[in-house]
Amino acid sequence: MRKKKRTGKIWMLLWIGVLTGSMGLQAYAAEAACLESQTTQAVRMMQEIQSKQTAETMQEIQSEQTAEIMQEIQSEQAVETMQEIQGTQTAQTVQEIQSEQAAETVQNTQTAQPASAMQQSIGNLVQPAEITQDINSVLTAQSGWAYLQTSQPASQTTCTVDKNGTVTYQAVFAAPIVCDNNILYLFELAPYEYEITAQTPIIDNMPLEQMTADGLQVEFTFPVNFRTAQTRLYSKFAIGIRSGGMVKMLTQPMYITNPEALAWNTLMRYPRSKKTTQGQDFINLFLDDSYGPEIGWIYKTIQVMNTGASETLTHPMSRAAARAEDTHRVKPKYYMLNASDAEGVEALVEKMEYYTANSKGGENWIIGNEVNVRTWNYMAWTDWENYIREYAQAFRVAYNAIMSTNANARVYVCIDQYWDKNLTPESAEYFEVIDGKDFLMQFDAAIKEGGDIPWGLAQHPYAAPLTYSKFWDMSGCKNGDIYAQQVESGQYITCQNLSVLTDFMQTPQMLAPDGSVRHIILSEVGYTNAQGTEVQAAALGASYVAARDNPFIDEIIYLLEYSEPKVDTRLSGISQELYQNMDGVNAKQYLEWAKSFIGITDWSEILR
């Protein structure tokens, strides 16, 4: 009895579906209509069913009684019955519905609702002559354009330029591409653009039939327009398709990753000691036109600093209006560079190309100082993700400007000694500084998203705290046991535990594109003389040995002219003498003295 009752309800609901064309059972209505007549009369009948009266009927069907019937249909027996209905006879009926007469009806319906200007333009954008038009004149509506990853992302993408200025963009896909019009489009985006809009230029297109490797590989070539107003050296490129009336990106926007191929003013790199000195081999380059026109030959390491003097060069979120609204204020010393708009990118490119070309000896370029600290690279608070993204944009622009001028240059990101404290929003420090480890991981991910490059790391391994140089004996330091534990656990990176830093930089995630460990320099360190010149001298000797004996440290640069009440790094007496000799012919003698003063027989007792 239960089986008969359920079967009766099934056929009753199917009959309601024929009358209403609703509730997901329009297929059965179509079947019934087509069985009665495969003529225009069937089409008219379906149109009448979709009338206001049908809408009222649909509401009535959604009653409690109908809901109970539908729940019963979802039983195992009902599923089997529905599968039988969707058998061969139903498939034949559907094919009959898709006859010429039905196709004409569909065309008439589409005529009443024309495709958007965007869809029409993309459909017509096939001829190469049209590619050069600005997309704004081709696409009159932004509707449907979105940054949307599809299920067909590229498995490998490269974008390189040759010395003649021809860019080659290649993408390899894991599966054949399916799209509305069988055409791929190559888009050009600015550094600060992450989505396709109605203003995004299309610089080339290609029919799918021209793809190689069984339809899995595509290659575009186009001019870089180097050192012109139309340069593409600072652009990103992405492939998109038309799918379902939308434009969907198949590849992450990617920069040219080998700008050094265009370099026209390459300088030779000269070997030198691991120990160098700020003010002698190192200089801060302030982007306020206070220095120039040339950077002297003696300066091998140049740190780029934004004083905020130029509003165009300064990020909008770092300017006075944003500072006034900052929800987590700090006292800025220097400011985030601006690669967030066209004017900022142009100004930054102009400065970096100019100074690189007019540097007689610049080998290492550091973009900003301790940029994991908002005080030193100020931007009004949003969150660390946005902060790092904005810095990565400026870094990339500066990198391409430097490397396209001097192919032997190295470009570094700079962090302080904070490493892995795992600060939380409950801590006031959270809004001022992010752990160097976390910063590097997020920065590296942002760079790789636009195409990996061999960026380098500049780190400042100051003692913790800065006011105390006798790091091998913390008994005379306030809260010394806490600082000692923080260094031991890797919350800070100092010269005592450089292996924590270099071990991290050897992990697969952090390696350079060629698989090597990225270049690392210790671009600023100094020791206060507050505990006496002998302590200062011993600390200098220990720090030098730590850098010298670590094969992944290229250089350690000492700051010897810093003078504050409790942090005075100026040298005198034995500290001056040891500093001058610790990397010379008498180095062994002086370093043995340092070990004796500290009270150790092997450096491994205090260094790792």
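Which residues is His315 in contact with, leaving aside its neighbours within four places in sequence? The structure is a predicted model, in which local features need pLDDT of at least 70, side-chain atom pairs count only at pLDDT 80 or more, and totals for chains, interfaces and linings use all residues. Residues are numbered from 1 along each chain as its sequence is written, and side-chain values use heavy atoms, with hydrogens and water left out.

His315 sits in the loop between strand E12 (301-305) and helix H12 (320-324). Helices (H or I, at least four residues) and strands (E, at least two) are DSSP runs, numbered from the N terminus. Beyond its neighbours within four places in sequence, His315 is in contact (heavy atoms within 4.5 Å) with Met336, Leu337, Asn338, Ser340, Met379 and Glu390. Its relative accessibility is 5%, so His315 counts as buried. Buried means under 20% relative accessible area, exposed over 50%, and partly exposed in between, with a 1.4 Å probe and protein chains only.

The protein chain holds 20 helices and 17 strands. Of its 608 residues, 49% are buried. Among contacts in the chain with a separation of 6 or more, 72% link residues 24 or more positions apart. The accessible surface comes to about 29000 Å², and carbon and sulfur atoms account for 49% of this surface. Areas come from the Shrake-Rupley method with a 1.4 Å probe; for residues, only the protein chains shown count as cover.

Helix H15 (residues 436-449) has 14 residues. From first C-alpha to last, H15 reaches 20 Å, close to the 20 Å expected at 1.5 Å a residue. The expected span is 1.5 Å times one less than the number of residues. Gly436, Phe439, Leu440, Phe443, Asp444 and Ile447 are the buried residues of H15. Seen down the helix axis, they fall within an arc of 125°, so they line one face of H15. The arc is that of the directions from the helix axis to the C-beta atoms. These residues pack against helix H14 (384-403), strand E14 (410-415), strand E15 (456-459) and helix H17 (498-505). Gly451 follows H15 and has a positive phi, near 105°.

An open sheet of 3 strands runs in the order E2-E3-E6, with antiparallel pairing. Strands E2 (154-161) and E6 (217-223) stand at the edges with a single partner strand each, so one side of each lacks a neighbour in the sheet. Two strands pair if DSSP finds at least two bridges between them. E2 and strand E3 (residues 166-173) pair in the antiparallel sense over 7 bridges. Thr157 has Ala171 in E3 as its bridge partner.
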